[in-house]
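Please examine the protein shown below. The briefing that follows describes its strands and helices by topic.

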Amino acid sequence: MLNALSKMFFLLLGIAMLWCGHSTLAAEDTGWNLQMTNAAELWRTPSKAESLTFSSDKKSRPKAVYNTSRTSRPVVALTFDDGPHGVLTPKLLDILRDAHVRATFFVLGSNVSAYPDIARRIVAEGHEIASHSWSHPSLTKVSAGRFEHEIRDTTDIIERTTGQRVTMMRPPYGALNHRVTKALLEDYQLDVILWDVDPLDWRRPGSDAITRRLVSGAHPGAILLAHDIHPGTIAAIPATIAQLKAKGFSFATVSELLAMDEPTLQKSPMQKKPDAPSISVSGSIPAPEENGKSIPQRVDAEAHKVAE
Ligand code: NI
């Protein structure tokens, strides 16, 4: 009898081990989703927050560098860098709220630390928040330790402060090389978001010029660059939104815009802006910088002072 019981025990143990082995293998094949499903089935129904947090990336597409979204739909993404600013960002949020427009904010970790309430307001009002480093260095020129601080601590403070997961990073000045790009995409699992319409608002050309440049540069799938630390930029946004709406454009966050990306859709030459960074939407990693030119070094375009 004892012998029969122990045989039964080992038989059950064997079945359990086989099941676990199969489960682990399947989980490796499909990433997070199966593991979450198993856990949820066994223990509880997943909350809405969990499904939002874990459902998206691995299954849908690899991390990549983007400067635009290839779509024929008349949708653009307004993006604002370098904030939150204590005075100007709340003004901008008022404008966006009144116009029913959602945007994407590439924030500095240092400014989230200084203005946590504004960071929370950005998310509470439906905008997307993403990383622009902690203190705005050129990531191609910092030590490994500093790089780690710039990326990890910024992700941490944004997530801790706002509860929104960070999935995207815009490198200061658009400065990238092979090493930085590979680290962001692979080690930190962040999409790298550049832009394809740059009004050079940091040069403070006046709000009319900023509006004119943003509106004339807009095309389906465009990622529009601006900075919510300059008064002229904030002043330009109501007319910019009104004129883009009049031309038939609607607005999306960068994540929403990327979800519309159709890799098979080629941009026509008319849609290619002369000031666009040379890299196209791609999952590949740019060539190493030691062999001649590295990928877009937009140091000139965003060489603004971060200090307010
Ligand atoms: Ni910047």
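**Strand E2 and its neighbours**

Two bridges connect E2 to strand E8 (residues 250–251), and these strands run parallel. Two strands count as paired if DSSP finds at least two bridges between them. Helices (H or I, at least four residues) and strands (E, at least two) are DSSP runs, numbered from the N terminus. The structure is a predicted model, in which local features need pLDDT of at least 70 and side-chain atom pairs count only at pLDDT 80 or more, while totals for chains, interfaces and linings use all residues. Residues are numbered from 1 along each chain as its sequence is written.

- Within E8, Phe-251 is the bridge partner of Val-76.
- E2 is also joined to strand E7 (residues 223–227) by five bridges, and the two run parallel.
- Leu-78 stands opposite Leu-224 in E7, and Ala-226 in E7 is the bridge partner of Phe-80.
- Three bridges link E2 with strand E3 (residues 104–107), again in parallel.
- Phe-80 has Phe-105 as its bridge partner in E3.
- From E2 the chain passes through helix H5 (residues 88–99) to E3, forming a right-handed β-α-β crossover.

- A residue is buried if 20 or more other C-beta atoms lie within 10 Å of its own, exposed if 12 or fewer, and partly exposed in between, with C-beta atoms placed from the backbone.
- Six of the seven residues of E2 (residues 75–81) are buried, so this strand is largely enclosed by the rest of the structure.
- In E7, five of its five residues are buried.
- Both faces of E7 are covered, with Ile-223, Leu-225 and His-227 buried on one side and Leu-224 and Ala-226 buried on the other.

**Helix H8**

- Helix H8 (residues 144–162) has 19 residues and reaches 27 Å from its first C-alpha to its last. This is close to the 27 Å expected at 1.5 Å a residue, where the expected span is 1.5 Å times one less than the number of residues.
- Among the buried residues of H8 are Phe-147, Glu-150, Ile-151 and Thr-154.
- The buried residues of H8 pack against E3, helix H6 (109–114), helix H7 (116–124), strand E4 (128–131), E5 and H9.
- Just after H8, Gly-163 takes a positive phi of about 80°.

**Helix H9**

- Val-180, Thr-181, Leu-184 and Leu-185 are the buried residues of helix H9 (residues 178–187).
- Seen down the axis of H9, these buried residues fall within an arc of 115°, so they line one face of the helix. The arc is that of the directions from the helix axis to the C-beta atoms.
- An α-helix has 3.6 residues a turn, so residues three or four places apart point the same way.
- The exposed residues Glu-186 and Asp-187 lie on the face of H9 turned away from its buried side.
- Just after H9, Gln-189 takes a positive phi of about 55°.

**The whole protein**

- The protein has 12 helices and eight strands.
- Of its 308 residues, 39% count as buried.

Conventions:
A crossover is right-handed if, with the strands pointing away from the viewer, the path from the first strand over the helix to the second runs clockwise. Two residues are in contact if their C-beta atoms, placed from the backbone, lie within 7 Å.
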